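Visitor: Could you walk me through this protein model, one question at a time?

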Amino acid sequence: MKELFKSIFSFWGILILILSIRWIAFEPFVIPSGSMIPSLLVHDHILVKKYAFGVRLPFSQKWLTDITLPERGDIIVFKKPDDNYFMIKRVVGLPGDEILMSPDGSLTVNSKVITRTQFDNTKLQAESSPYYKVDNVDLEALAQDMEFYEQTMGKNTFLSMFRGDLDHGEFEALVPPGHVFVMGDNRDNSLDSRFWGPVPQELLIGEASHIWLSCQNTFELVSRLCKPNSIRWDRFGHKIQ
């Protein structure tokens, strides 16, 4: 009987430990769409750092600790406002920020233009590229049809991607208290705060941390299961910026 109770307590102890890690520390997330290309690719499997903004009561939107909002430039996972759907985007605005996007795709935050430098798209497939070497399948587009810009926000340096033949639109926004403004790095193919508004802080899930698995193709019946012959081996352990 003693051994039985010991086994039961060991089982529940391990289960509680696993659930605690998932609730508080890290949770896996699979990139479902191309809105964050070229920073994140479709079928990237990532770890989300859930404690980055505080500790939440499991299965609720109530925070057990004070919330620490993300910084501009961070990539975050959150629940879409007015929808029970998980999304991943980059934070470009914090509470009180005034944001302006120009037709050429440039961003201005609080009257300060976010500096960007055009990146030669031919370098994306070169061995010497400072970024992951992508092909047209990864991009879900032809590289020669796109414009890429390197920029730095906060601690992150990254590429944003635009269609070269499009007017990227213009908008202005004022981020309300307790909210963050998010956008996809694939700026012409992202439904984000430009369309449905800023994200309330209670819907934040965590900060994207590292890629632990990635592939170009998955099995039809199990969409999250990678086909071994399409694994992007070079993305293992890649730190997300």
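Visitor: What is the strand order in the open sheet of seven strands?

Guide: First, a heads-up: this is a predicted model, where local features need pLDDT of at least 70 and side-chain atom pairs count only at pLDDT 80 or more, while totals for chains, interfaces and linings use all residues. Residues are numbered from 1 along each chain as its sequence is written, and side-chain values use heavy atoms, with hydrogens and water left out. Strands here are DSSP runs of E, at least two residues long, numbered from the N terminus, and two of them pair if DSSP finds at least two bridges between them. With antiparallel pairing, the order in this sheet is β1-β2-β14-β3-β4-β12-β13.

Visitor: Which strands are at its edges?

Guide: Look for strands that pair on one side only. Those are β1 (26-30) and β13 (199-200).

Visitor: How many bridges pair β9 with β10?

Guide: β9 covers residues 146-153 and pairs with β10 in the antiparallel sense. Met-146, for instance, stands opposite Arg-163 in β10. The bridge count for β9 and β10 is eight.

Visitor: Are the rings of Tyr-149 and Phe-162 stacked or edge-to-face?

Guide: Rings of Phe, Tyr and Trp (its six-membered ring) pair if their centres lie within 6.5 Å; planes under 30 degrees apart count as stacked, over 60 as edge-to-face and the rest as tilted. A search of the whole structure finds five such pairs. Here the centres are 5.7 Å apart and the planes sit at 80°, so Tyr-149 and Phe-162 are edge-to-face.

Visitor: Is Phe-162 buried or exposed?

Guide: Buried means under 20% relative accessible area, exposed over 50%, and partly exposed in between (1.4 Å probe, protein chains only). Tyr-149 has 11%, so that one is buried. Phe-162 comes in at 0%, so the word for Phe-162 is buried.

Visitor: Which residue lies over the face of Tyr-149?

Guide: A charge sits over a ring if NZ of Lys or CZ of Arg is within 6 Å of the ring centre and within 35 degrees of the ring normal. At 3.8 Å from the ring centre of Tyr-149, the residue is Arg-116.

Technical notes. Helix = DSSP H or I, 4+ residues; strand = E, 2+ residues; numbered from the N terminus.
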